[in-house]
Amino acid sequence: MTAVLIYSVFALLIIFGVVFLIRSRRAEAIPHAEVSRRGPGAFWEGPDLALAERIFDRTDYLWLRDDVGFPTLAESLLRSRRQIALNWLRAVRKSFDKLIRTPGPAPGAHDPTSAPESWDLLRLLLRFHLVLGYAIVVVRLFGPYHRLVPSLGWMPALFEPTAAREPYDSTNVPRSS
Amino acid sequence: MGYHVALALSLLLGATILVRGGQGRFLSKFSAFYSYIVYFLATGLVLHVIYLIAPQYFVTLFWLRFFTLVLAEFVLVVEIGDHLFKRYPALGALGRVVTFGIAGVFFALYILPALVEARPTDMAVLDLVKRSALTKGIILVALFAAARYYSIPVGRNVAGIALGLATYLAIHTANFALAEHIGREAYAPIFATVGPLSQVVCLVTWTVALWRYAPGKQPELSVASDEEVISGTLTDQLGRYNAALVRLLRK
C-alpha cells in the first residue's frame, strides 16, 4: 500500500509540477532585449576585476593579524570578506546566466543540437557551473583566503585550455591597471 | 464497450488535431508530435478493424501498439525539450542532455533492475509501464524546471503538449501502481476505464492547445553594441567567463 501511495504522490507532483512551472514562467516573462546590454565582460575588466581581486586577496587580513597584531579584527574582516565573496560569486553567476539567455536566430525545423557549437557551448556552461559551485562551497566552508584550486593542477585539460583550441585563455584576459 | 467508445473519441480528437495542424500549416513545426498522432490514429483504426473481423488477435495487437506508443512518448519528450531551448544557442543541447541523462540514470537504476527480476509476466509489464511513465514525467518536470531557471518563455503549443502528456503519464503511473497492488483481476474494470479515459483527457488538452499555432513570445534579437561586437562570439564570451573565474580562484 505504501508503494501505491508513493506513486500516487509522484503522479500528483508531476501534474502540479508541470502546471506550476509553466504558469510561473508565463507570469515572469523577462525582457530578453535587455540581455547583455552592459556587456558580459564587466566582471573581468577594469574596476570590477580589481574589486574581485581585492576580495580574494589575503594581504589585508595577514597585515591586520600578523603585522599590526589585531587577530580579532582580522577575524571580523575575514567574516565580512567571506560574505562579500559569496555575493560576488552569486553576481557572477547571475551575469553568466543572463549571457546564456542571449537568443540566436530562429532555427528551422532541424535539430537544434545539430550546430557544432551547441555542444561546445553546453560544455562551457557545465564547466562554469561546476567551478562556480565548487568555489561557493569552498568560500562558505573555509573563507575567501583559502586556496580555492589547490590540487587541480593535474587537470590541465579542464583548467588550462591550450591557446590553439581556446583563444579566450586566461592569459588573454585583460588585467586591471 | 467503454474501451471502444473511448477509442472512437480518441480517434476523433486525434483527427481534429491533425486537421487543425494541416489548416494552420504548422504540422512541420512539431514533426515528432504529429508523427505520433498519425501513428496513434493509424494503429487505432487498424486495431478497431481487427476487433471487428479477427478478435482473436486483438489483445496481442493491443499490447504491441501500447508498447510502441510508450516508446514514441519518449520521442515526444525529446521534442518538447528541443522546442523549449531551440532559440538559445548556449542552451540548444540542454534539453537533450537533461532528457537522455535522466533517462539513462533511471533506466540503469530503476527500470533495468525491475526488468531482470523474476516474476509473472503481467506483473512485470505493469511495473515496466509504471516505471517508464514515472521516468518520463520526471524528465518533463526537470525540463520545465531548467526552463524556469533560465527564464525561458514557454509557448502555448509546447505548454499544452507537455501538460497533456504529463497528465496522461501521471494517471498511468497511479493506475498501473494500483493495478499492480490490487491485482489485475480485481482491478480490471477500473483499469480498463481509467486507461482510455486518461488518453481522452490528454487528447482534449492537445486539441485545445494546438487549435492554432501560438509559439509564444519570441526573444528579441538585440542589435549588437560595439562592446558586444568586440567581445566576439558567444563561445568566446563564455570561454572568457570560465578563464577569468578560474584565474581568480587560483590566486
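This is a predicted model: local features need pLDDT of at least 70, side-chain atom pairs count only at pLDDT 80 or more; totals for chains, interfaces and linings use all residues.
Figure 1. The C-alpha trace of chain B spans about 70 × 50 × 20 Å along its principal axes, and buried residues make up 38% of its 251 residues. Among contacts in chain B between residues at least 6 apart in sequence, 76% join residues at least 24 apart. Chain A, for its part, has 6 helices and 0 strands, and its elements run α-α-α-α-α-α from the N terminus on. Of the 177 residues of chain A, 24% count as buried, and residues 24 or more positions apart account for 72% of the contacts in chain A with a separation of 6 or more.

**Figure 2. Helices H5 and H6 of chain B where they pack together.** Two packed helices are described by the angle between their axes and the distance between the axes. For helix H5 (residues 121-149) of chain B and helix H6 (residues 156-182) of chain B, the angle is about 150° and the axes are 8 Å apart. That angle makes H5(B) roughly antiparallel to H6(B), and H5(B) passes H6(B) in a left-handed crossing. On the H5(B) side, the residues that meet the partner helix include B:Met123, B:Leu126, B:Val129, B:Ala133, B:Leu140 and B:Phe144, while those of H6(B) include B:Ala162, B:Leu165, B:Leu169, B:His172, B:Phe176 and B:Glu180. Sorted by class, the contact of H5(B) with H6(B) has 15 nonpolar, 3 polar and 4 charged residues.

Figure 3. B:Ala145 is found in helix H5 of chain B, and it counts as partly exposed because it has 14 C-beta neighbours inside 10 Å. Although B:Ala145 and B:Asp122 are 23 residues apart in sequence, their C-alpha atoms lie 35 Å apart in space. B:Ser151 lies in the loop between H5 and H6 of chain B. Most residues other than glycine have a negative phi, whereas the phi of B:Ser151 is positive, near 55°. Because B:Ser151 has 17 C-beta neighbours inside 10 Å, B:Ser151 counts as partly exposed.

**Figure 4. Helices H1 and H2 of chain B at their crossing.** The axes of H1(B) and H2(B) come within 10 Å and cross at roughly 145°, and H1(B) passes H2(B) in a left-handed crossing. From H1(B), the contact is made by B:Leu7, B:Ser10, B:Leu11, B:Gly14, B:Ala15, B:Ile17, B:Leu18 and B:Gly21, and from H2(B) by residues including B:Tyr34, B:Ile37, B:Phe40, B:Leu41, B:Gly44 and B:His48. The residues of this contact divide into 11 nonpolar, 5 polar and no charged.

An α-helix has 3.6 residues a turn, so residues three or four places apart point the same way.

Figure 5. In H1(B), the buried residues are B:Ser10, B:Leu13, B:Gly14, B:Ile17 and B:Gly21, and they pack against H2 and helix H7 (184-209) of chain B. In H2(B), the residues B:Phe33, B:Tyr36, B:Ile37, B:Phe40 and B:Leu47 are buried. What covers these buried residues of H2(B) includes helix H1 (2-24), helix H3 (58-85) and H6 of chain B.

**Figure 6. B:Arg25, in the loop between H1 and H2 of chain B.** Just after H1(B), B:Arg25 takes a positive phi of about 55°, although B:Arg25 is not a glycine. A residue with 12 or fewer other C-beta atoms within 10 Å of its own is exposed, and B:Arg25, with 9 such neighbours inside 10 Å, therefore counts as exposed.

How values were computed: Residues are numbered from 1 along each chain as its sequence is written. Chains are lettered from A and ligands numbered from 1 in the order in which they are written. Axes are lines fitted to C-alpha atoms, for helices over the stretch in contact, and angles run from 0 to 180 degrees between N-to-C directions. Helices (H or I, at least four residues) and strands (E, at least two) are DSSP runs, numbered from the N terminus. Angles under 35 degrees count as roughly parallel, over 145 as roughly antiparallel, 65 to 115 as roughly perpendicular and the rest as oblique. A crossing is left-handed if the near helix is turned anticlockwise from the far one by less than a right angle, and right-handed if clockwise. Two residues are in contact if their C-beta atoms, placed from the backbone, lie within 7 Å. Ala, Val, Leu, Ile, Met, Phe, Trp, Tyr, Cys and Pro count as nonpolar, Asp, Glu, Lys and Arg as charged, and the others, Gly among them, as polar. A residue is buried if 20 or more other C-beta atoms lie within 10 Å of its own, exposed if 12 or fewer, and partly exposed in between; C-beta atoms are placed from the backbone.
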